[in-house]
Amino acid sequence: MTPATPDGDAPSAPHTRGDAPTPPPAVGRRQVLAWSLWDWGSAAFNAVVTTFVFTRWITSDAFVEAGAADPQAVMADHTAWLGWGLTIAGALIALLAPALGALADASGRRKVWLGVNTAATVAAMVAMFFVQPTPGSLSDAVILGVVLLSAGNVFFELASVAYNALLLDISTPRTIGRISGIGWGAGYVGGIVLLLVLFVGFINPEVGWFGITGADGMDIRVSVLLSAVWFAVFAIPVLLAVPESPRRGGSAPIGVVGAYRKLGRDLVHLWRTRRSTLGYLVASAVYRDGLAGVFTFGAVIASGTFGFSASEVIVFAIAANVVAGLSTIAAGWLDDRIGPRRVILGSLVGLVISGTAVFVQHDGGASVFWLWGLLLCAFVGPAQSASRGLLGRISDEGREAEAFGLYATTGRAASFLAPMAFATMVAVSGQQYWGILGIVAVILVGLVLMLFVRFPAGDGVDGGKDLAAAPAGAAGSSTEV
């Protein structure tokens, strides 16, 4: 084993991303486009189901029984159920993601994992059509909605492990930031288009397309059903057009038990030889959960604290996706120049400031949420994209899905933080807007942890100059930047 430096980074670890070979000649714009379309389609789950439509609906007064003594308390309970459901989903992902990532790498069948888990996510979305506000069983309907949402989250995150790993097959060290940004940006633009269609066709009018109305929540239920079709259609190109690295030569087949044993060995190996990567996984797990909290509870806060109606939430969502999409694509360009670490740190600072402003000015009306909420969205996308790109830069070649499995695992191992912080602040204060402060606190802790992570030179973590800092063939050297 290569001896480690005092900081835990091996001077000649088998880490080749800094000077990795370029992708095969067949990989070009068509493959990048096909890959990005999965992000475009995934907006159906991220924007419609988990953020702006379905979760807001099942935690709204539509599921409060008539004559309830305290409707706000009932909605608070439903919000707590949502948080607990997502926490359980996070635990399952933490258990499953590393094994599936290792199995996908060893078998060279990442696209199979991607296709299976995407199909399962779509199936959960289709099942959400059967969640309806029937008087006398409204709480049961909320429970069903939370269960389906949680299951969808599990399958979606497992699909993301394989999808993110394919990024390394369609990019080079000098283009990974841009391509990652294009993917995230495509997701936001896809969200804009889909939300516009749903808003105009079903959610806003009294009688929508095909005679759909709001009776029994049919407008929302049909919107989720169409979103499932949207995701399924746009997930197909990546499965057909994007190549993937074959199974690594000489690697023996491993089973599920072997994958978990391998996970333990890999964590020990990271601690001994590449401690900066392990530190990054921990820091990003914390702040990424804060980012998830911004989206998960953003629409709930807009509705419950700032008085947004369902239609106003959708209008805000469209504007938010425009801002997030543009900022993410711009940040991808910036990523390749100043490096993903600086993009992440700058974005986290912006999120802390904007989130604190929402909390301080909570009684300022809708205009306050419009201003600071859009600023929050402007920073969330760049942080997400740069985080994915940073891990891609420091991943060992041939073990990308495994690395992104750890990425999902550590992220979900901390996935209780934002829901717990949000729920705790609301419970202690008795006011929903205090939950904002809980989410900001999680992001701030992640920011502080990230400041203490130091990366070896030569991987492009600090931009093009950093990529050129290490001599040819010496990528992954122990020089700290």
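Helices (H or I, at least four residues) and strands (E, at least two) are DSSP runs, numbered from the N terminus. With that in hand, the protein has 16 helices and 0 strands. This is a predicted model, where local features need pLDDT of at least 70, side-chain atom pairs count only at pLDDT 80 or more, and totals for chains, interfaces and linings use all residues. Residues are numbered from 1 along each chain as its sequence is written, and side-chain values use heavy atoms, with hydrogens and water left out.

**Exercise 1. Work out how helices H9 and H14 are oriented to each other.**

Step 1: Two packed helices are described by the angle between their axes and the distance between the axes. Axes are lines fitted to C-alpha atoms, for helices over the stretch in contact, and angles run from 0 to 180 degrees between N-to-C directions.

Step 2: Take H9 (residues 275-304) and H14 (residues 417-429): their axes come within 8 Å and cross at roughly 50°.

Step 3: Angles under 35 degrees count as roughly parallel, over 145 as roughly antiparallel, 65 to 115 as roughly perpendicular and the rest as oblique. So H9 and H14 are oblique to each other.

Step 4: Now see who touches whom, with contact meaning heavy atoms within 4.5 Å. H9 brings Val286, Asp289, Gly290, Gly293, Phe297 and Ile301, while H14 brings Leu417, Ala418, Pro419 and Phe422.

Step 5: Sort these by class: Ala, Val, Leu, Ile, Met, Phe, Trp, Tyr, Cys and Pro count as nonpolar, Asp, Glu, Lys and Arg as charged, and the others, Gly among them, as polar. The contact of H9 with H14 has 7 nonpolar, 2 polar and 1 charged residues.

**Exercise 2. Classify the ring pair of phenylalanine 54 and tryptophan 57.**

Step 1: Rings of Phe, Tyr and Trp (its six-membered ring) pair if their centres lie within 6.5 Å; planes under 30 degrees apart count as stacked, over 60 as edge-to-face and the rest as tilted. By this rule the count comes to 21 aromatic pairs.

Step 2: For phenylalanine 54 and tryptophan 57, the centres are 6.1 Å apart and the planes 55° apart, so the pair is tilted.

Step 3: Both residues lie in helix H2 (residues 54-58), 3 residues apart, about one turn of the helix.

Step 4: Check accessibility: buried means under 20% relative accessible area, exposed over 50%, partly exposed in between (1.4 Å probe, protein chains only). Phenylalanine 54 has 1%, so it is buried, and tryptophan 57 is buried at 5%.
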